[in-house]
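This report covers one predicted model.

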Amino acid sequence: MPVPKILVFAGSIRSGAFSIRTADAAVGELARQGADVTRVSLVDYPLPIMDEDLEREKGIPENALRLGRLIAASDGLLIASPEYNSSIPPLLKNTVDWVSRIRRDNGRAFRPFAGKVAALCSSSDGAFAGVRGLYHLRSVLMACGVEVVTPQCSVGRASEAFDEDGGFREERLRQAMENVVRALVERAHMFSTAVER
Ligand SMILES: Cc1cc2nc3c(=O)[nH]c(=O)nc-3n(C[C@H](O)[C@H](O)[C@H](O)COP(=O)(O)O)c2cc1C
């Protein structure tokens, strides 16, 4: 049975980011459930602000193509994001927007997001746990042709949520992460067996 390949990244590059810690917890759970995990940080894929003049003059930035190739090589994505003003942080939105503009790579038709499946996690030190931003992120990814699994894991009061080993103190969160990862792995497995890469 093929092992689903899952790409994991956080929607923040802040040092000590809660979303990076949430992504770390997701990586641990993905490994426990037998996924082949690739972990990246958006700090390694800096991009200019999306600007159609820039796109017309210079084309798609190489960092968007690099990330697009990683997405295309994966069966599924797991994104752990903060929310900014109840929505998607600009770093993540800008990255998704650039990757969504890719049409070709080396002369061949290429749409990195097409037919991919994703799972979403959020975190915040507040009580809402970033959950409002995930509704926007879900909607944006669906507009890009990504299927987003229904379960999600949102970590509230994030400064107190993790133990010394990076696990969740609360069983409720451990269970939520297990559920979202299971949904992603199952769906990604169906995609990986149905789609010839
Ligand atoms: C512009 C801005 C808007 C924010 N809006 C929200 C918000 O709507 N909800 C929330 O829970 N936290 C909000 N925050 C606080 C972030 O959740 C907090 O900075 C968090 O630590 C960022 O995520 P990170 O730890 O993954 O970097 C906002 C922060 C910034 C800078």
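## A position in strand S3

Ile79 belongs to strand S3. Its relative accessible area is 1%; buried means under 20%, so Ile79 counts as buried. Leaving aside residues up to four places away in sequence, Ile79 touches Phe9, Leu92, Ala119, Leu120, Cys121, Leu137 and Leu141.

Ala26 is 53 residues from Ile79 in sequence. In space, the C-alpha atoms of Ile79 and Ala26 are 9.2 Å apart.

## Helix H4

Helix H4 comprises residues 90–100. Its buried residues are Leu92, Asn94, Thr95, Val96, Trp98 and Val99. Leu92 is also one of the residues that Ile79 touches.

Several elements cover the buried residues of H4, including strand S1 (5–10), helix H2 (52–58) and helix H3 (62–72). S3 and H5 are also among the elements that cover them.

## Helix H5

Helix H5 has 13 residues, 131–143. At 1.5 Å a residue, the helix should span 18 Å, and its end C-alpha atoms are 19 Å apart, which agrees. After H5 comes Gly145, with a positive phi near 90 degrees.

The buried residues of H5 are Gly133, Leu134, Leu137, Arg138, Val140 and Leu141. Leu137 and Leu141 are among the contacts of Ile79.

## The ligand site

Which residues surround the ligand? The shell consists of Ser12, Arg14, Ala17, Phe18, Ser19, Pro82, Glu83, Tyr84, Asn85, Ser86, Ser124 and Arg132. By class, four of these residues are nonpolar, five are polar and three are charged.

For Ser12, the distance from a polar side-chain atom to a ligand oxygen is 2.7 Å. A polar side-chain atom of Arg14 likewise lies 2.7 Å from an oxygen atom of the ligand. For Ser19, the corresponding distance is 2.5 Å. Taken alone, the ligand exposes 610 Å², and the protein buries 68% of that area.

Terms used: Residues are numbered from 1 along each chain as its sequence is written. This is a predicted model: local features need pLDDT of at least 70, side-chain atom pairs count only at pLDDT 80 or more; totals for chains, interfaces and linings use all residues. Side-chain values use heavy atoms; hydrogens and water are left out. A residue is near a molecule or strand if one of its heavy atoms lies within 4 Å of it. A polar contact is a pair of N or O atoms within 3.5 Å; within protein, one must be able to donate a hydrogen and the other to accept it, and residues adjacent in sequence count only if both atoms are side-chain atoms. Accessible areas come from the Shrake-Rupley method with a 1.4 Å probe; for residues, only the protein chains shown count as cover. Ala, Val, Leu, Ile, Met, Phe, Trp, Tyr, Cys and Pro count as nonpolar, Asp, Glu, Lys and Arg as charged, and the others, Gly among them, as polar. Helices (H or I, at least four residues) and strands (E, at least two) are DSSP runs, numbered from the N terminus. The expected span of a helix is 1.5 Å times one less than its number of residues. Buried means under 20% relative accessible area, exposed over 50%, partly exposed in between (1.4 Å probe, protein chains only). Contact means heavy atoms within 4.5 Å.
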